[in-house]
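Let us read a model feature by feature.

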Amino acid sequence: MVPALLILGFLTLMAAPAAASPAASPEPAEIDALLQKPGLNLAQAQAALGRGEAALASPGAPRPAWLERLARISFILGDLAPQGQRQAYYEKGLAYADRLLQESPPGVAGHYWKALNLCGLAEVGGKLKGFKLLPRILEELQNSLTVDPAYDQAGAHRVLGRIYYEAPGRPFSVGDLEKSRQHLSAAARLAPENSTNHLYLAETWLRLNQLAQARRELELTLTATGHAVHPGGLEEDRREARRLLEELARP
């Protein structure tokens, strides 16, 4: 359920005249706080996108900060939205990331959110689409790593590690469990509070048949306090970690 105050704030912003005071526009930190609220749902994320787009259009807006957040919110919406709406959000996020790279090319955010929204398009587009997009995704993630490997809770390491885990091995694709382990170990070291870093690393350890290391990462998943995409995913990670721990406990 969307809080009434959030709806009221959103409608007030959208209805405001062009001459409204700049103070009426939300600060980037306000949107960040909204996105971290427990129970974030599709309607709340859509409201955050609308507020951010209105703020970007206002005179004197800090464009790089808003473009970064709009690319991120679009990716979150792609994750939360029904299947038929996901592609449109990822395409919107990709457009914002491209604009950010044009206006602020040295920054990590444009490369990273371009990669993430391309990952979303690869997921909804099927295996052939994913295969075609993979080189672009890898390039943008490597660019992100070069600028700031710790950005978004070591996001580039996390996503690269998962790609190397999920992709078929050579000569068919880039799958490589040792590369997966290296990237996910770096992610868990740089952002130990992130549940997904530990869960993904645990799954790679399981594939490598290193059960003690996998068990340790699953236990760390249960005590982590943050999630890679949105707060609701934290409990999803914990459920999966508990399931895998139960499997490991079976004789």
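Q: Which residues of α3 are buried?
A: Buried means under 20% relative accessible area, exposed over 50%, partly exposed in between, with a 1.4 Å probe and protein chains only. In α3, Q44, A45, A47, A48, L49, G50, R51, G52, A55 and L56 are buried. This is a predicted model: local features need pLDDT of at least 70, side-chain atom pairs count only at pLDDT 80 or more, and totals for chains, interfaces and linings use all residues. Residues are numbered from 1 along each chain as its sequence is written, and side-chain values use heavy atoms, leaving out hydrogens and water.

Q: What span is expected for α3 at 1.5 Å a residue?
A: Helices (H or I, at least four residues) and strands (E, at least two) are DSSP runs, numbered from the N terminus. The expected span of a helix is 1.5 Å times one less than its number of residues. Helix α3 covers residues 42-57, and 22 Å is expected for its 16 residues. From first C-alpha to last, α3 reaches 23 Å, close to that value.

Q: What caps the N-terminal end of α3?
A: Look for a polar contact, a pair of N or O atoms within 3.5 Å; within protein, one must be able to donate a hydrogen and the other to accept it, and residues adjacent in sequence count only if both atoms are side-chain atoms. The cap of α3 is N41, with a side-chain oxygen 3.2 Å from the backbone nitrogen of A43. At the start of α9, a side-chain oxygen of D176 comes within 3.0 Å of the backbone nitrogen of E178.

Q: How many aromatic pairs are found in the whole structure?
A: A pair of aromatic rings is described by the distance of the centres and the angle of the planes. Rings of Phe, Tyr and Trp (its six-membered ring) pair if their centres lie within 6.5 Å; planes under 30 degrees apart count as stacked, over 60 as edge-to-face and the rest as tilted. The search finds 4 pairs. Y112 and W113 are edge-to-face, 4.9 Å centre to centre with 75 degrees between the planes. Y112 and Y151 have centres 5.3 Å apart and planes at 80 degrees, so this pair is edge-to-face. Ring pairs link F75, Y90, Y112, W113 and Y151 into a cluster.

Q: Which residues touch the most other members of the largest nonpolar core?
A: A nonpolar core is a set of buried Ala, Val, Leu, Ile, Met, Phe, Trp, Tyr and Cys residues joined through side-chain atoms within 4.5 Å. Here the largest has 51 residues, and Y112, W113, I137, L141 and I163 touch the most other members. Its largest share, 10 residues, comes from α6. Apart from this core lies another of 7 residues, among them L199, A202, L218 and L248.

Q: Where does R162 lie relative to Y200?
A: A charge sits over a ring if NZ of Lys or CZ of Arg is within 6 Å of the ring centre and within 35 degrees of the ring normal. R162 lies over the face of Y200, 4.0 Å from the ring centre. The charged end of R207 sits over the ring of Y165, 4.0 Å from its centre.

Q: Is the peptide bond from R170 to P171 cis or trans?
A: Most residues other than glycine have a negative phi, and most peptide bonds are trans. The bond from R170 to P171 is cis, with omega near 10 degrees. P171 lies in the loop between α8 and α9.

Q: What is the phi of D152?
A: D152 has a positive phi of about 50 degrees, although it is not a glycine. A154 also has a positive phi, about 60 degrees. A154 is found in helix α8 and counts as buried at 0% relative accessibility.
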